[in-house]
Amino acid sequence: MSDFIKDADWLDWHPNPVRPTYRPPAGAVDAHCHVFGPGDQFPFAASRKYTPCDASAEQLFSLRDHLGFSRNVVVQATCHGTDNRAMLHALAQSNGMARGVATVTPEVSDAELDALHAAGVRGVRFNFVKRLVDVLPIDGLRSIAARLASRDWHIVIYFEAQDLPEYYDFFASLPTIVVVDHMGRPDVRKDVNGPEFDLFVKLLSENDNIWSKVSCPDRLSFSGEPLYADVVPFATRIVETFPERVLWGTDWPHPNMKTHMPDDGELVNFIPQIARTEELQHKLLVENPMRLYWAD
Ligand SMILES: O=C(O)/C=C(\CC(=O)C(=O)O)C(=O)O
């Protein structure tokens, strides 16, 4: 029994996703997923903008096996603030099959970063989605970026497409590999070759240290499940233009979904629509995430 009451409009993760008909290549990595609590063990942060249902490491690993994946990258979600214990617990339970992306304050000590590295953390996430944070992390990121670069960690950024013009120069100046969540959340009702998405493509074209997750069709789509047809041209454009710099993840347990809860098996079935050859699929699901998270 959690010490927390989830939001009244919270949608729980799918209890029995289909077994995907698409079989991912051996060693596939789900490179964007979260754990929530359990709240009685790992309390949610006072600063959180939502209170989720519990979603434990054990449940995540059971989904991983069901979907035919081998590894996870567990990304710190804002509901846990800068308290990384739930994510670190998941890494510790994974037998080396999970790596992490943490959230830290700029005051984090070198010893704390060392400990996070030893636990399997390889990046820090900075959330620029205004509904999810009280303060945009520009100053914090600016002050810590060089320290992350010196350890060969990467930076994960989450922002929405309409805000990219404001942040463009700042993101382009970052000294590490930078991974953008969910293609910078394009408005997929707009033209895939229009100015908004062109700016995102330009960001990656001009900066070969910037990568993209081609995740979350469920979050971006207006045409809806299970085909998410309106997202396909956007994701395909990124996968085919930057095949060495793309990652894919389920986004389980899908925080803040308001329209529907995706079936994770159907999300896996979506992969061959956006990575249309075995070679592209292997880069997306195995080579790229292994290079970024399991280089050592
Ligand atoms: O999990 C995601 O990728 C997306 C989120 C939540 C989030 O990022 C967070 O809480 O840190 C969203 O759009 O609400």
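Q: Why does the end-to-end distance of helix α10 agree with its number of residues?
A: In this predicted model, α10 covers residues 278-293, which is 16 residues. At 1.5 Å a residue, the helix should span 22 Å. Its end C-alpha atoms agree with that, being apart by 21 Å.

Q: Where is the kink in α10 centred?
A: The helix bends by about 40°. Among its buried residues are K283, L284 and L285. The kink is centred on L284.

Q: Which strand pairs with β7 over 2 bridges?
A: Strand β6 (residues 178-180) runs parallel to β7, but 3 bridges join them. The strand over 2 bridges also pairs in the parallel sense. In it, V246 stands opposite S212. That strand is β8, residues 246-247.

Q: Which helix makes a β-α-β unit with β6 and β7?
A: V178 has I210 in β7 as its bridge partner. β6 and β7 belong to a right-handed unit. Its helix spans residues 195-206 and is α6.

Q: How many residues of the shell around the ligand are charged?
A: The ligand's surroundings include H34, N127, Y158, D181 and D251. The shell has 5 nonpolar and 4 polar residues. The charged residues number 2.

Terms used. Residues numbered from 1 in each chain as written. Predicted model: local features only at pLDDT ≥ 70, side-chain atom pairs only at ≥ 80, totals over all residues. Near = placed C-beta within 6 Å. Nonpolar A, V, L, I, M, F, W, Y, C, P; charged D, E, K, R; others polar. Helix = DSSP H or I, 4+ residues; strand = E, 2+ residues; numbered from the N terminus. Expected span 1.5 Å × (residues − 1). Bend = angle between axes of the 7 residues up to and from the residue. Buried ≥ 20, exposed ≤ 12 C-beta atoms within 10 Å, placed from the backbone. Pairing = 2+ DSSP bridges. Right-handed = clockwise from strand over helix to strand, strands pointing away.
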